[in-house]
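Visitor: I would like to learn how to read a protein model. Could you take me through one, feature by feature?

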Amino acid sequence: TSGGVNHVVRVGVSHRIECRVRGTPTPNVVWLKDGLAVPASSRVIYLGNDLFISSIRPEDAGTYRCVARNYFGSASVTVSLTVQYSPRVNAGPPSQVA
């Protein structure tokens, strides 16, 4: 297990999270986000062992973990993804003053 890495990206951009893997036999790689498997989609693509996310959204923020396994064991690295975006303001219900 390797130490964590922090990635800070803006909403709307595309981002690649690298996972450099070595081992014999060649390890299988699995990506997890907040402990759950990351499914491939139209925005989330596996490029070899790397994870590519297009059009980053606020909900993409979280803790990603690349886990490499082969017959002889496993290793992993954790990446924290922080998504920055413009402030948003919502009007709440009117408050009553006594």
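Predicted model: local features only at pLDDT ≥ 70, side-chain atom pairs only at ≥ 80, totals over all residues.

Visitor: Where do I begin? How many helices and strands are in the protein?

Guide: Begin with the secondary structure elements. The protein has eight strands and zero helices. Read from the N terminus, the order is β-β-β-β-β-β-β-β.

Visitor: How do I read the overall shape? What does the C-alpha trace span along its principal axes?

Guide: The spans are about 70 × 25 × 20 Å. Another way to read shape is to set the radius of gyration beside the value that a globule rule gives. For 98 residues that rule gives 13 Å, and the protein has 18 Å, well over it, so the protein is more spread out than a compact globule.

Visitor: What share of the 98 residues is buried?

Guide: A residue counts as buried when its relative accessible area is under 20%. Here buried residues make up 28% of the 98. As for the surface, the protein exposes about 6900 Å², and carbon and sulfur atoms supply 51% of that area.

Visitor: How do I read contacts along the chain? What percentage joins residues 24 or more positions apart?

Guide: Take the contacts with a separation of 6 or more. Of these, 63% are between residues 24 or more positions apart. Val8 gives a case to look at. Val8 is in strand E1, which covers residues 5-10. In sequence, Val8 and Ser80 are 72 residues apart, yet their C-alpha atoms are 8.3 Å apart in space. Setting aside residues up to four places away in sequence, Val8 touches Thr82 and Gln84.

Visitor: Now the charges. How far apart are the mean positions of the positive and negative charges?

Guide: There are 10 positive and 5 negative charges, and their mean positions are 2 Å apart.

Visitor: How do I read a salt bridge, and how many does a search of the whole structure find?

Guide: The general idea is that side chains of opposite charge can pair when their charged atoms come close. The search finds five salt bridges. One of them joins Arg16 and Asp50, with the closest N and O atoms 2.9 Å apart. This pair links distant parts of the chain, as Arg16 is in strand E2 (residues 15-17) and Asp50 is in strand E6 (residues 50-53), 34 residues apart.

Visitor: Which residue forms a salt bridge with Asp34?

Guide: The partner is Lys33, and the closest N and O atoms of the pair are 3.8 Å apart. Asp34 is partly exposed at 49% relative accessible area, and Lys33 is partly exposed at 22%. In another salt bridge, the side chains of Arg57 and Glu59 meet at 3.9 Å, N to O. Arg57 has 39% relative accessibility and counts as partly exposed.

Visitor: How do I read a residue in a loop? Where is Ser54?

Guide: Ser54 is in the loop between E6 and strand E7 (62-70). The cut-off for buried is under 20%, and Ser54, at 17% relative accessibility, counts as buried. Leaving aside neighbours within four places in sequence, Ser54 is in contact with Val13, Ser14, Ser42 and Arg43.

Conventions:
Residues numbered from 1 in each chain as written. Heavy atoms only, no water. Helix = DSSP H or I, 4+ residues; strand = E, 2+ residues; numbered from the N terminus. Rg over C-alpha atoms; globule rule 2.2 N^0.38 Å. Buried < 20%, exposed > 50% of the residue type's maximum accessible area, 1.4 Å probe, protein only. Contact = heavy atoms within 4.5 Å. Areas by Shrake-Rupley, 256 points an atom, 1.4 Å probe, with all protein chains shown as cover. Lys, Arg positive; Asp, Glu negative; His and termini not counted. Charge placed at Lys NZ, Arg CZ, Asp CG, Glu CD. Salt bridge = Lys/Arg side-chain N within 4 Å of Asp/Glu carboxyl O.
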